[in-house]
Amino acid sequence: MVQAFRVLGWLEGASFLILLFIAMPVKYMAHNPAMVKAMGPIHGFLFVAYVLFANFLAGELNWSAKTRIKAFFAAVLPFGTFWFEKKYLAVTEKA
């Protein structure tokens, strides 16, 4: 389960970075919204899946409320899911 969540976190994080640093600049600098229209729904789906999976995994692994909140905030910050995976999931895997 942790490995699946890790993969989902990487996909969600990568889609967010693509949306922020590639699709949005292309939309506003090149006046071409096609990438945002393509990446927006993909990122939206991955975001919702990440939040739901984090909630499920928090119950399975008995995360504290503080860790659970950090997982949710990680989903809305650029590079957040990568940080969360490194800081919290690596510890879980070693245990």
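Modeller: Pro 25 lies in helix H1. Keep in mind that this is a predicted model. Pro 25 has a relative accessible area of 23%. Buried would require under 20%, and exposed over 50%, so Pro 25 counts as partly exposed. Setting aside residues up to four places away in sequence, Pro 25 touches Leu 20 and Ala 30.

Next, Met 35. Pro 25 and Met 35 are ten residues apart in sequence. Their C-alpha atoms are 9.9 Å apart in space. Met 35 sits in helix H2. Its relative accessible area is 32%, so Met 35 is partly exposed as well.

Both Leu 20 and Met 35 belong to a nonpolar surface patch. The patch covers about 520 Å². Ile 18, Phe 21, Ile 22 and Phe 79 complete its membership. H1 gives the most to this patch, with four residues.

Now from the surface to the interior. In soluble globular proteins, nonpolar side chains tend to be buried together. The largest nonpolar core here has 16 residues. Phe 5, Tyr 50, Trp 63, Phe 84 and Leu 89 touch the most other members. H1, H2 (34–61), helix H3 (65–74) and H4 each give two or more residues to this core. The largest share, six residues, comes from H2.

Leaving out neighbours within four places in sequence, Phe 5 is in contact with Tyr 50, Phe 53, Ala 54 and Leu 57, among others. Trp 63, Phe 84 and Leu 89 are also contacts of Phe 5.

One charged pair remains. Side chains of opposite charge can pair when their charged atoms come close. A search of the whole structure finds one salt bridge. Glu 85 forms this bridge with Arg 6, and the closest N and O atoms are 2.5 Å apart. The pair links distant parts of the chain, 79 residues apart. Arg 6 is in helix H1 (residues 2–29), whereas Glu 85 is in helix H4 (residues 80–94).

Are the two partners buried or exposed? Glu 85 has a relative accessible area of 12%, so it is buried. Arg 6 has 10%, under the 20% cut-off, so Arg 6 is buried too.

Methods. Residues numbered from 1 in each chain as written. Predicted model: local features only at pLDDT ≥ 70, side-chain atom pairs only at ≥ 80, totals over all residues. Heavy atoms only, no water. Salt bridge = Lys/Arg side-chain N within 4 Å of Asp/Glu carboxyl O. Buried < 20%, exposed > 50% of the residue type's maximum accessible area, 1.4 Å probe, protein only. Core = buried A, V, L, I, M, F, W, Y, C linked by side-chain atoms within 4.5 Å. Contact = heavy atoms within 4.5 Å. Patch = residues over 30% accessible without salt bridge, like charges linked within 9 Å, V, L, I, M, F, W, Y side chains within 5 Å. Areas by Shrake-Rupley, 256 points an atom, 1.4 Å probe, with all protein chains shown as cover.
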